[in-house]
Amino acid sequence: MTEVDKLLQNAKENLYQNEIVKEYFRLAEIIKNDAELLSLEQNMKVHERGMTLNMDNDEVYFKEKELFEKYKSEIEQNPIYIDFKNVEEEVFALLLEVKRALE
C-alpha cells in the first residue's frame with residue numbers, strides 16, 4: 001500500500017466516523033427497511049413509468065401524474081424522509097469540502 005493509499009484510507013475512515021455521515025447511514029437503513037416508505041416509493045415509480053408510457057395520451061398521462069404527485073407528496077411529508085434529505089444535504093456539503101481540499 002502506497003503512502004497515498006494510506007492517506008486516502010485514513011480520510012475515508014475519518015469520514016465514516018463523522019457524526020453526520022453516521023446519521024446519514026442510520027437514516028438510510030431505516031428507510032430501506034420501512035415498509036410504508038418502500039410501498040410509497042414503489043407506487044411513485046409505477047406512476048412515473050405510467051406517465052412516461054402515456055405521454056401521447058393526455059387523459060392517462062394526467063391521471064398517472066396526479067397519482068405520482070400524491071405518492072411523492074406523501075414521501076416528502078414523512079419525518080424520517082425529511083430528516084434524511086436534510087442530512088443528505090449536509091453530507092453532500094461535507095463531501096464538497098473534502099473535494100475542494102483535494103484540488
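Student: Hi! At what angle do the axes of helix 1 and helix 2 cross?

Tutor: Hello! This is a predicted model, and in it the two axes cross at roughly 70°. They come within 5 Å of each other.

Student: What do we call that arrangement of helix 1 and helix 2?

Tutor: Angles from 65 to 115 degrees count as roughly perpendicular, so helix 1 and helix 2 are described as roughly perpendicular to each other.

Student: Which residues make the contact?

Tutor: Helix 1 brings L15, Y16 and Q17, while helix 2 brings E19, V21, K22 and F25. By type, they divide into 4 nonpolar, 1 polar and 2 charged.

Student: Switching to helix 5: which residue caps its N-terminal end?

Tutor: That's N78. One of its side-chain oxygens lies 2.8 Å from the backbone nitrogen of I80.

Student: What span should helix 5 have?

Tutor: Helix 5 runs over residues 79-102, which is 24 residues, so at 1.5 Å a residue it should span 34 Å. Its end C-alpha atoms are 35 Å apart, which agrees.

Student: Which residues of helix 5 are buried, and what covers them?

Tutor: The buried ones are F84, V87, V91 and L94. Their cover includes helix 1 (3-17) and helix 2 (19-32), the pair you started with!

Note on methods: Residues numbered from 1 in each chain as written. Predicted model: local features only at pLDDT ≥ 70, side-chain atom pairs only at ≥ 80, totals over all residues. Heavy atoms only, no water. Helix = DSSP H or I, 4+ residues; strand = E, 2+ residues; numbered from the N terminus. Expected span 1.5 Å × (residues − 1). Buried < 20%, exposed > 50% of the residue type's maximum accessible area, 1.4 Å probe, protein only. Contact = heavy atoms within 4.5 Å. Polar contact = N/O pair within 3.5 Å; in protein donor to acceptor, adjacent residues only side chain to side chain. Axes fitted to C-alpha atoms, helices over the stretch in contact; angles between N-to-C directions. Parallel < 35°, antiparallel > 145°, perpendicular 65-115°, else oblique. Nonpolar A, V, L, I, M, F, W, Y, C, P; charged D, E, K, R; others polar.
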